Amino acid sequence: MLSAVRRRIRLHRALGTVFAATVYVSMAGAALYLLRTPPAEAFSGAAFWIVLATILVGTVGSVTFGVLAAVRGFPDLHQRWLLLCYGFLMTAPLLRIEWGVLPALYPGLSLQDINRVAIMHLGALVAFGALLASRALDRRTGVPGATGTWAPGPVLVAAHVLGAAGLGWIVYALLGQGTQGRRLLVAYLVPYALTYAVVAVRATRARGRGAVWAREEWRLHLAAQCLAPAFSAVTVPVLERTMGLDRLTSLIAGVGIGAGMLSYAAVAVVSLRVLHGREVLRRQRESTEDPPAPPALAATRPVGADGSN
């Protein structure tokens, strides 16, 4: 990610190849662990197993799309996917940091409960960090061919309504879980509110300074941020019925994967937005380069041997 390295194309490619290979090998080991370990017997329980599996899929998917974007010559998309991959990988060291910090806030809490508190917001934080890095590195005011918006006012309103309904359900469900539920709710709500505020403010400021592309990307991520609680609320009963989990475990897992999965979806939509703009430009070039069609010939009767019609 260092600019000095990115300017050296061969070095950047070599380091990127090593990075991608390391990710694939590491995730293969993680997949082997998850396949051999039943969710209930996993470290810190079934909720932790589900979050680990989701991070694995997100990591492999993001590094794969990042490599494909580089091969196809899309450096902006390559950068976004690799930053998201890096964010997913950062969940591991950040979890270790929380092992040292959270016991000071919650003395006597077991390691399993510490992990439950951590996964309520780690996915959201690393995805938010990847978004901030992407926007800091992208100074463009517009993307060629990308006109209008894929996140108009009605879409954002609908996302806010659905998100508010999902958030209200999560609050109600966690408050019904006693002291542990209230502790988990705080671990979820505080980072969520801060992330939402930053994204909303950045979208508004981008509009004020006329940064069309920055505003579009912030708005797409804002819609995803709003929809994350709704996604989590829908996921909870699905996990209960398909995996036979209790309500608290399903709540922790559903909330733990919501923000990360919706951020992944937002990066995918941003990528489609860029690719659509380039496709529009390609079709415009083809239409201007095509030679005009010859005029239609008038229908005539065969000419006779003597020249008469």
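1. A contact here means heavy atoms within 4.5 Å of each other, and that is the sense in which packing is used below. Please keep in mind that this is a predicted model.

2. Let's start with helix α6, which spans residues 111-119. This helix is mostly covered, with seven of its nine residues buried. The buried set consists of Asp113, Ile114, Asn115, Arg116, Val117, Ala118 and Ile119.

3. What do the buried residues of α6 pack against? Their partners are the helices α3 (46-72), α5 (91-105), α7 (122-137), α9 (178-208) and α11 (247-289).

4. Setting aside residues up to four places away in sequence, Gln112 touches Ser44 and Gly45.

5. Over in helix α4 (residues 75-89) we find Arg80. Is this arginine buried or exposed? With a relative accessible area of 3%, Arg80 falls under the 20% cut-off, so it is buried.

6. Which residues is Arg80 in contact with, leaving aside its neighbours within four places in sequence? They are Ser134, Arg135, Asp138, Arg140, Trp213, Glu217, Val267 and Val270.

Notes. Residues numbered from 1 in each chain as written. Predicted model: local features only at pLDDT ≥ 70, side-chain atom pairs only at ≥ 80, totals over all residues. Heavy atoms only, no water. Buried < 20%, exposed > 50% of the residue type's maximum accessible area, 1.4 Å probe, protein only. Helix = DSSP H or I, 4+ residues; strand = E, 2+ residues; numbered from the N terminus.
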